[in-house]
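Hello,

Here is the structure I promised to hand over. Please have a look at it first, and then read my notes below.

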Amino acid sequence: MSTGDARSAAPAVTAQANPKRKAASLSWLVPAVTVGGLLPLAVLIWDAYSGALGANPIQRATLQTGLLTLTLLVASLACTPLRLLTGWTWPARIRKALGLLAFGYAALHFLIYLLDHGFSLGVMFEDVLKRPFVTAGFTALLLLVPLALTSGKNSVKKLGFQKWTRLHQLVYLSVALGALHYYWGVKKDHVPPLIYVGVIAVLFAVRFIKRKPTKKKAGPEKTSPA
Ligand code: HEM
């Protein structure tokens, strides 16, 4: 199943003539991504309930939610490069769901951190000021807040497309800080965070290279940057 395959198999006119049918045929995509994205949460809750999180369940839950946040952020960031490279339209449809899932896991990651610190905001702010690793994570989370709050279609109308697009470019900074937070946070094996850094760099590069000529020819694109 792919929009790209369908497009190459049928004349372009057919696809354009049936936009509603095409949209309906992919109506399962966002619910499927949402359910798939919530599955790790269900597993985490089950593991916590059944005592399968090991000797330090809070640390284990912090690590798992941190990794899920970064992975989903990277996945949401991959949607536009994938669309630009393949011409498929479906990645654009799941981008918002991936971004909101990432934000949900980031909020949970932060809540678990707060739980670990007795819900003391004083201790939390001290930690944010003292440890650059926590500063980076906290800033990455703060940057996601306005994006989550303006993820609805109404916000695009209210802010105007250009302002909204500029605001949503904060996701680049957030994902970069998230990766830095991960890199600074690991004690021994720096290969996994470096893999994330590499993937993010490739995604940034694809967007940069593929976007420039398109803009000149077709004018500004009517999609969000994330
Ligand atoms: C977008 C925001 C964030 C992302 C993407 C993120 C991502 C991550 C990742 C990938 C890890 C490491 C997982 C591993 O080593 O396997 C991690 C660990 C951690 N994060 Fe975050 N994080 C974010 C926000 C925060 C915030 C706001 C805090 C607290 C104020 C925080 C506190 C921690 C702590 C304490 C750990 C280490 C847990 C341990 O080693 O025991 N993170 N995070």
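**Helix 8 and helix 11**

Helix 8 and helix 11 pack with their axes 8 Å apart, at an angle of about 155°. Axes here are lines fitted to C-alpha atoms, for helices over the stretch in contact, and angles run from 0 to 180 degrees between N-to-C directions. The two helices, helix 8 and helix 11, are therefore roughly antiparallel to each other (angles over 145 degrees count as roughly antiparallel, under 35 as roughly parallel, 65 to 115 as roughly perpendicular and the rest as oblique). Helix 8 passes helix 11 in a left-handed crossing (the near helix is turned anticlockwise from the far one by less than a right angle; clockwise would be right-handed). On the helix 8 side the contact includes P132, F133, G137, A140 and L144, and on the helix 11 side S174, L177, G178 and W184 are among the residues involved. Two residues are in contact if their C-beta atoms, placed from the backbone, lie within 7 Å. By class, this contact of helix 8 with helix 11 has 14 nonpolar, 6 polar and no charged residues (Ala, Val, Leu, Ile, Met, Phe, Trp, Tyr, Cys and Pro count as nonpolar, Asp, Glu, Lys and Arg as charged, and the others, Gly among them, as polar).

A word on the model: it is predicted, so local features need pLDDT of at least 70 and side-chain atom pairs count only at pLDDT 80 or more, while totals for chains, interfaces and linings use all residues. Residues are numbered from 1 along each chain as its sequence is written.

**The chain as a whole**

The chain has 12 helices and 0 strands (DSSP runs numbered from the N terminus: H or I of at least four residues for helices, E of at least two for strands). Of its 226 residues, 23% are buried; a residue is buried if 20 or more other C-beta atoms, placed from the backbone, lie within 10 Å of its own, exposed if 12 or fewer, and partly exposed in between. Of the contacts between residues at least 6 apart in sequence, 71% join residues at least 24 apart.

L144 is placed in helix 8 and counts as buried because it has 23 C-beta neighbours inside 10 Å. Beyond its neighbours within four places in sequence, L144 is in contact with F103, A106 and S174. F119, in the loop between helix 6 and helix 7 (121-130), counts as exposed, with 10 C-beta neighbours inside 10 Å. Although F119 is not a glycine, its phi is positive, at about 55°.

**Helix 6 and its partners**

Helix 5 and helix 6 pack at about 160°, with their axes 8 Å apart, and are therefore roughly antiparallel to each other. Their contact has 20 nonpolar, 7 polar and 3 charged residues. Helix 4 (residues 29-50) packs against helix 6 (residues 90-116) at about 35°, with axes 9 Å apart, and passes helix 6 in a right-handed crossing.

**Around the ligand**

Which residues come nearest to the ligand? Of the 23 around it, they are G66, G137, A140, G178 and Y182, where a residue is near a molecule or strand if its C-beta atom, placed from the backbone, lies within 6 Å of it. Helix 5 gives the largest share of this shell, 7 residues. The shell has 13 nonpolar, 10 polar and no charged residues.

Best wishes
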